[in-house]
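Here's a set of exercises to work through with the model open next to you. Try each task yourself before you read the solution.

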Amino acid sequence: ADRAAFIAALPKAELHLHIEGSLEPEMMFALAQRNGVRLAFDSIEAIRAAYEFSNLQDFLDIYYQGMAVLRCEQDFYDLTAAYLARAAADNVRHVEIFFDPQGHTERGLAFADVVGGIARALADAGARGISSRLIMCFLRHLSEADAEATLDQALPHLHLIHGVGLDSSEVGHPPDKFARVFARARGLGLKIVAHAGEEGPPDYVWQALDVLGVDRIDHGNRALEDDALVQRIVADGLTLTVCPLSNLKLCVVKQLAAHPLRRMLAAGLKATVNSDDPAYFGGYVSANFIAVADALDLERDEIITLARNSFTGSFLSPAEQAPHL
Ligand code: ES4
Ligand code: ZN
């Protein structure tokens, strides 16, 4: 309880959050009604009961179904505003949010409505003291040509978009499938991140580094299988955005007591704690900190390091980080 109160009060940044994964069943139900969208579930309880996953793909199938209730700019505003209120309640002072435009444009929505609604909520939160960055992710189960077309659509909105990422089904879709589109994004001045080593092998983490040139690694769990890879990530000073409850729910770890977070810190890796898809995985950022700290019996120093890493690993400038350090 003492540890939970300490964690809750600690200023934190969240660096790995899919905004579509913050869609709580209550809002899913309300938006389905508002938009006349038929859901595969007939109650909020039935939605929650469906959230049992044995791997990443199991979850993604439900996640893409859920986002179908998002239809207009106001929906994306409401979704993002609800997440930001939860983050503020957890003493989150800075957020770097992923969105999946292809999950929406392929359903006929306008790119501008998606990015516009999210950015409007982020701007409102900025006026209340929560800073933010927006990261556009490419869906790796789709083609590189599809990612290129998505980057084309983003061009008029690059003042709102700070970086690009890579998410969705990892195994069978290595980073090098997207070498050209990430090179173009880098040339446009965008930051680069990628999910790597969540389910995929260490080789995919190497590719994220050597082919994409990532500025940060999302998850990275399986990097620990390769000592030379760990040494490389440490030498480059790259941050890992680790998601404990996600790893548990998607069976990346069998139990939280087996989570590699402490081993990551001990190896000199700059790990952070994040919620990934909190509406689906059972908790926001403080719940993730508390669950993993309890399971691993983390020391206060380790918890402070994790919170500090969330600011130093962010895309805030050193001057913007300074008030948080
Ligand atoms: C995701 Cl946990 C996770 N992994 C890969 N892609 C994703 N998209 C949303 N959540
Ligand atoms: Zn993720």
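**Exercise 1: a pair of strands**

Which residue is the bridge partner of Gly163 in strand 5?

Solution. First, some ground rules. The model is predicted, with local features needing pLDDT of at least 70 and side-chain atom pairs counting only at pLDDT 80 or more, while totals for chains, interfaces and linings use all residues. Residues are numbered from 1 along each chain as its sequence is written, and chains are lettered from A and ligands numbered from 1 in the order in which they are written.

Step 1: find the elements. Helices (H or I, at least four residues) and strands (E, at least two) are DSSP runs, numbered from the N terminus. Strand 4 is residues 163–167, and strand 5 is residues 191–196.

Step 2: look for the bridges. Strands 4 and 5 run parallel and are joined by two bridges; two strands pair if DSSP finds at least two bridges between them.

Step 3: read off the partner. Gly163 is bridged to Lys191 in strand 5.

**Exercise 2: the whole sheet**

Work out the strand order of the sheet, then say which strands sit at the edges and what packs on it.

Solution. Step 1: the sheet is open, has eight strands in the order 1-2-3-4-5-6-7-8, and pairs in parallel.

Step 1: strand 1 and strand 8 (270–273) are the edges, each pairing on one side only. From one strand to the next, the twist averages 25°. Axes here are lines fitted to C-alpha atoms, for helices over the stretch in contact, with angles running from 0 to 180 degrees between N-to-C directions.

Step 2: check strand 1 (residues 12–18). Five bridges tie it to strand 2 (residues 92–99), in parallel, and Ala13 has His94 as its bridge partner there.

Step 3: Helix 7 (residues 111–127) lies across strand 2 and strand 3 (131–139), at about 160° to strand 3. Helix 16 (residues 300–312) packs on the sheet as well, touching strands 1, 2, 7 (239–242) and 8, and makes about 100° with the direction of strand 8. Contact means that the C-beta atoms of two residues, placed from the backbone, lie within 7 Å.

**Exercise 3: buried or exposed?**

Is strand 1 buried or exposed?

Solution. Step 1: get the cut-offs. A residue is buried if 20 or more other C-beta atoms lie within 10 Å of its own, exposed if 12 or fewer, and partly exposed in between, with C-beta atoms placed from the backbone.

Step 1: apply them. Seven of the seven residues in strand 1 come out buried, so the strand is largely enclosed by the rest of the structure.

Step 2: In helix 10 (residues 202–212), the buried residues are Tyr204, Val205, Trp206, Gln207, Ala208 and Leu212. Their cover includes helix 9 (179–187), strand 5, strand 6 (216–219) and helix 11 (227–236).

**Exercise 4: around the ligand**

Solution. Step 1: collect the residues whose C-beta atom, placed from the backbone, lies within 6 Å of the ligand. They are His18, Gly21, Leu56, Tyr63, Asp167, Ser168, His195, Glu198, Ser246, Asp276 and Asp277.

Step 1: sort them. Counting Ala, Val, Leu, Ile, Met, Phe, Trp, Tyr, Cys and Pro as nonpolar, Asp, Glu, Lys and Arg as charged, and the others, Gly among them, as polar, you get two nonpolar, five polar and four charged residues.

Step 2: turn to the record. An unreviewed UniProt entry annotates His16, His18, His195 and Asp276 as "binding site". These span 261 residues in sequence, yet no two of their C-alpha atoms are more than 11.7 Å apart, so they gather at one spot. UniProt positions use the numbering here, feature names are shortened, and annotations may be inferred rather than shown by experiment.

Step 3: zoom in on two histidines. His18, in strand 1, is buried with 26 C-beta neighbours inside 10 Å. Beyond four places in sequence, His18 touches Phe98, Asp100, Asp276 and Asp277. His195 is buried too, with 28 other C-beta atoms within 10 Å, and its contacts beyond four places are Leu166, Asp167, Glu170, Asp218 and His219.
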